[in-house]
Amino acid sequence: MIFRFSLKHFLLQQGFIFALVALLGYWFNHVSLFVLAAMMVSLIWNYRHLTALIDWLWQKNLLSPPESNGIWGHVYDGIYRRIRKYRNKQKELNFRIRQFRDGAEALPDAALVLGLDHSIRWSNKKANRLLGIQWPSDTGQLITNLVRSPQLAKYLKSGDFSEPCSITSPRDSTKQIEFRFMTYGDQQYLLLARDVSQLILLEKMRRDFVANVSHELKTPLTVMRGYVEMIQDDDGLPAHWSKSFNTIEQQVTRMDRLVQQLLVLSKVEVQGYDDIRAQVQMPRLIEQVIEDISWINKTKQHQLSFEIDPRLGILGVESELKSACSNLLVNAMNYTAQGGVINICWNKQDGYCLFRVTDNGCGIVPEDINRLSERFYRVDKSRSRDTGGTGLGLSIVKHIVNNHRGQLIIESEFGQGSSFTIKFPVGESYQIR
Ligand code: ADP
C-alpha cells in the first residue's frame, strides 16, 4: 500500500499529543515541565530512529529495514521499496547483459564492442582465439594496436563500412580474416571478424576449375571447327548432311564464344583496383569498338548517335574497358529491332565520367533488372540464344566496372528501351592532349 504524507494529519496528531501532555501537566501543576519532558522524549525517539537508519544504510548488509512504526515506519518502508525496485532493475539489466553475452558467445564469429575511438569495450572468447584479444585485460586498448594491419587501419579511418574488409591474419599468414563493422547502440561499434580462408580457397578452386576447363575446351573446339569447315567445303556433300554440319558449326561457334567469355570472366574476377592502370583514350577506344561490331549494324541498320567528349580519358586497363563497352554496345544492337535508335555518350556529368548506351529496343521488366549481372542470367533464353548470347556479358561488365571503382546503372522500360550507364569517379579521369 502506498503511504501518502499529510501535513494536516501530522500536525493534528502532534497537537493532540502535546495538548494531552499539557493537560496532564496542568493536573499536576507543571505544564512547562511536562511539555519539555514530552519534547525530550520525542527528540530521543527521533534521534534513536535516525541512528538506526544510518546504521542500517551504512553498516548492516541487510535488505529488510529495522522494525519501526509511526512516521519512521513509513520512512523505512519507502527506502526499502526504492532499494527493492533498483535491485529488480539491476537484476533485469544483468539478465539482459548475460543474454547479450551468451548470444555474442554463441556467434560463429569473433565479436567486439568498440568505442567511437575504436578502443575495445568488450570482446567474446572467439576474439581471443582468432585475434588474440583478451577481455577484460585488453579493455580500453585501440583495436589497431592489437591487430596490426595497415588495411584495417585504412578501413577504419575511411569510415565507409558498407563493404567488409579482408586482411591476412597478423597471427597466422595462411589465414584470411574478414571484418564487418556496424554502428551499434549509442556511440559504439560492433565489430565481427571471421576466418574466411576456406571460403576464399573454395572460391579460388572454383575459379581455377572454370578457367582450366575453359582452357582445355579450346583445343578440341578448334579441332572440331577445322574438321567441320573442311567437310562443309566438300562440294559433293549431300544436302541433308550439309544442314547437319551447319548446325554443328553454329553450336561450335556458340561454345567457342562461351569458352572465351568464361576465360575473360575468370580473368576479370581476380583483378582488383590496384592492378596496373594506364591512361586510356576512351574516345578512340569507343571508335574502335564501333568499328569492330559494325557488321551487326550492317544487317540491322540502327541509327547511331554520339555525344563524345574528345578530350576525356580515364585511368584503367584498356583491354577490360574495351570489353565492357563492347558488351554494352553489342547488347544494345542485339536487343534493338532493325532501324532502332542507339545513343552512345561519353562525357562528364554531375561529378562523374559517364559511359552510357541508350537504345529504344525491347526493354526489360523491373523484376529482371537487378538480376541481369548474375552469371548466366538471361531474360529471354531463346531470344538470347538467337543473338549468340551466353548470359555472361553483363557479369563481365559488372566485374570490370568494380575493378575501376565505378558503378553500373541499368534503367529500362519494358517495350520502350534501355539505358546502361557506367559511372566512373571523376578523380580517375584525365585530359587528353
Ligand atoms: P547475353 O549474352 O545473353 O546478352 P548479358 O549478360 O549480356 O547476356 O545480358 C543478360 C540479359 O540482359 C540478356 O539476356 C538480355 O535479356 C538482357 N539485356 C542486356 N542488354 C539489353 C538491352 N540493351 N536491352 C534489352 N535487354 C537487354
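Start by selecting E428, in the loop between β12 (417–425) and β13 (429–431). Keep in mind that this is a predicted model.

**Stop 1: around E428**

Is E428 buried or exposed? Its relative accessible area is 11%, and buried means under 20%, so E428 is buried. Now show what surrounds the residue. Leaving out residues up to four places away in sequence, E428 touches Y273, R277, I314 and L315. Pick R277 from that group and display both side chains. A polar contact of 3.4 Å joins the side chains of R277 and E428.

**Stop 2: a sheet of three strands**

Next, colour β6, β8 and β13. They form an open sheet in the order β6-β8-β13, with antiparallel pairing. Which strands are at the edges? They are β6 (278–280) and β13, and each pairs on one side only. Neighbouring strands of this sheet are turned by 40° against each other on average, ignoring direction.

What holds such strands together? Strands of a sheet pair through backbone hydrogen bonds, either parallel or antiparallel.

Zoom in on β6 and β8 (residues 312–316). This pair is antiparallel and has 3 bridges. Select Q279 and look across: Q279 stands opposite L315 in β8. L315 was also on the list of residues that E428 touches.

**Stop 3: helix α2**

Move to α2, residues 31–58. How far apart are its end C-alpha atoms? They are 41 Å apart. At 1.5 Å a residue, the 28 residues of this helix should span 40 Å, so the two values agree.

Select A38, H49, L53 and W56. These are the buried residues of α2. What covers them? The cover includes α1 (7–28) and α3 (70–106). As you look down the helix, recall one rule. An α-helix has 3.6 residues a turn, so residues three or four places apart point the same way.

Step back to the loop between α1 and α2, where N29 is found. N29 has a positive phi of about 70°, although it is not a glycine. With 66% relative accessibility, N29 counts as exposed.

**Stop 4: a hairpin**

Select β1 (residues 110–115) and β2 (residues 120–123). The two strands pair in the antiparallel sense, over 3 bridges. Find L112, then look opposite: S123 in β2 is there. The hairpin has 4 residues between its strands. Click on H118 in this hairpin, which takes a positive phi near 70°.

**Stop 5: two loops**

Go to P136, in the loop between α4 (125–131) and α5 (143–146). Display the backbone here. The peptide bond from W135 to P136 is cis, with omega near 15°.

Then jump to F376, in the loop between α12 (366–369) and α13 (381–386). F376 is not a glycine, yet it has a positive phi of about 65°. Its relative accessible area is 40%, so F376 is partly exposed.

**Last stop: the whole chain**

Zoom out and colour by domain. The chain is divided into domain 1 (7–100), domain 2 (108–195), domain 3 (200–269) and domain 4 (276–431). How far apart are the C-alpha centres of domain 2 and domain 3? They lie 48 Å apart.

Technical notes:
Residues numbered from 1 in each chain as written. Predicted model: local features only at pLDDT ≥ 70, side-chain atom pairs only at ≥ 80, totals over all residues. Heavy atoms only, no water. Expected span 1.5 Å × (residues − 1). Buried < 20%, exposed > 50% of the residue type's maximum accessible area, 1.4 Å probe, protein only. Contact = heavy atoms within 4.5 Å. Polar contact = N/O pair within 3.5 Å; in protein donor to acceptor, adjacent residues only side chain to side chain. Pairing = 2+ DSSP bridges. Axes fitted to C-alpha atoms, helices over the stretch in contact; angles between N-to-C directions. Domains from an automatic or database assignment.
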